[in-house]
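Here's a quick briefing for anyone opening this structure for the first time. Take a look at the sequence and the model, then read on.

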Amino acid sequence: MRDTLVLNASFEPLSTVTLNRAVVLVLQDKAVVEQAHPELRMRGADVDIPAPRVIRLCRFVRVPFRRQAPWSRRGVLVRDRHRCAYCGRRATTVDHVVPRSQGGADSWLNTVASCAEDNHRKANRTPEEAGMPLLRHPFEPTPADAMLLTLAQDDLAALPEWLSREATAPAA
């Protein structure tokens, strides 16, 4: 299912919603379409509008300040684009750089996406101990970056440059 990015009235990213929810917000005049899918249209008996990719709320929504994005396994996989930090193949698991048995925590800076083979091969060791250097080092995304990273790669590439430039991962 396609996700639609929701911007606050001040153009800051708030969340992502389903395409159907975005259309409802636009039809209820609670949001306006900032960018639409070029080839998709939403048609009904009395309506024919472009399918929204990015919408902006008409009224400002006050959001409590969030200093950091909450850590999750899914978030780590999305941050690393489902690519193994050790070999670059498709990642399906999350590996702790410093193993939990050695005091490593579930945090953005201690976890990387990993394929099952490399995760098993590294086992209960640090990358240095296992002789497995990281191709890219873990980083902590901002809450806005974490949200933008949840969009599909093709949707992220189609966003305006001013919005998507901050969601690119830093180089190792």
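Let's start with Ser114: setting aside neighbours within four places in sequence, Ser114 is in contact (heavy atoms within 4.5 Å) with Cys84, Tyr86, Ala91, Thr92, Thr93, Asp95 and Asn119. This is a predicted model, where local features need pLDDT of at least 70 and side-chain atom pairs count only at pLDDT 80 or more, while totals for chains, interfaces and linings use all residues. Residues are numbered from 1 along each chain as its sequence is written, and side-chain values use heavy atoms, with hydrogens and water left out.

**More on Ser114**

- Ser114 sits in strand S6, which covers residues 111-114.
- Is Ser114 buried or exposed? Ser114 is buried, because its relative accessible area is 0%, and buried means under 20%, with exposed over 50% and partly exposed in between (1.4 Å probe, protein chains only).
- Ser114 and Tyr86 are 28 residues apart in sequence, yet their C-alpha atoms are 6.9 Å apart in space.

**The whole protein**

- You'll find seven helices and six strands here; these are DSSP runs numbered from the N terminus, with helices (H or I) of at least four residues and strands (E) of at least two.
- Reading from the N terminus, the elements go β-β-α-β-β-α-β-β-α-α-α-α-α.
- The protein has 172 residues, and 40% of them are buried.
- Take the contacts between residues at least 6 apart in sequence: 60% of those join residues at least 24 apart.

**The four-stranded sheet**

- An open sheet is built from four strands in the order S2-S1-S4-S3, with mixed pairing; two strands pair if DSSP finds at least two bridges between them.
- Strand S2 (13-18) and strand S3 (31-43) are the edge strands, each pairing on one side only.
- On average, neighbouring strands of this sheet are turned by 35° against each other, direction ignored; the axes are lines fitted to C-alpha atoms (for helices, over the stretch in contact), and angles run from 0 to 180 degrees between N-to-C directions.
- Helix H1 (residues 19-27) packs on the sheet and touches S1, S2, S3 and S4, and its direction makes about 85° with that of S4.
- Strand S1 (residues 3-7) pairs with strand S4 (residues 48-57) in the parallel sense over three bridges, and Leu5 has Val54 as its bridge partner in S4.
- S3 and S4 pair too, in the antiparallel sense over eight bridges.
- A hairpin takes S3 to S4 through four residues, and Arg43 has Asp48 as its bridge partner in S4.

- Val26 is in contact with Ala31, Val33, Ile49 and Ile55, leaving aside neighbours within four places in sequence.

**A ring with a charge over it**

- Arg79 lies over the face of Phe139, 5.4 Å from the ring centre; to count, NZ of Lys or CZ of Arg has to be within 6 Å of the ring centre and within 35 degrees of the ring normal.
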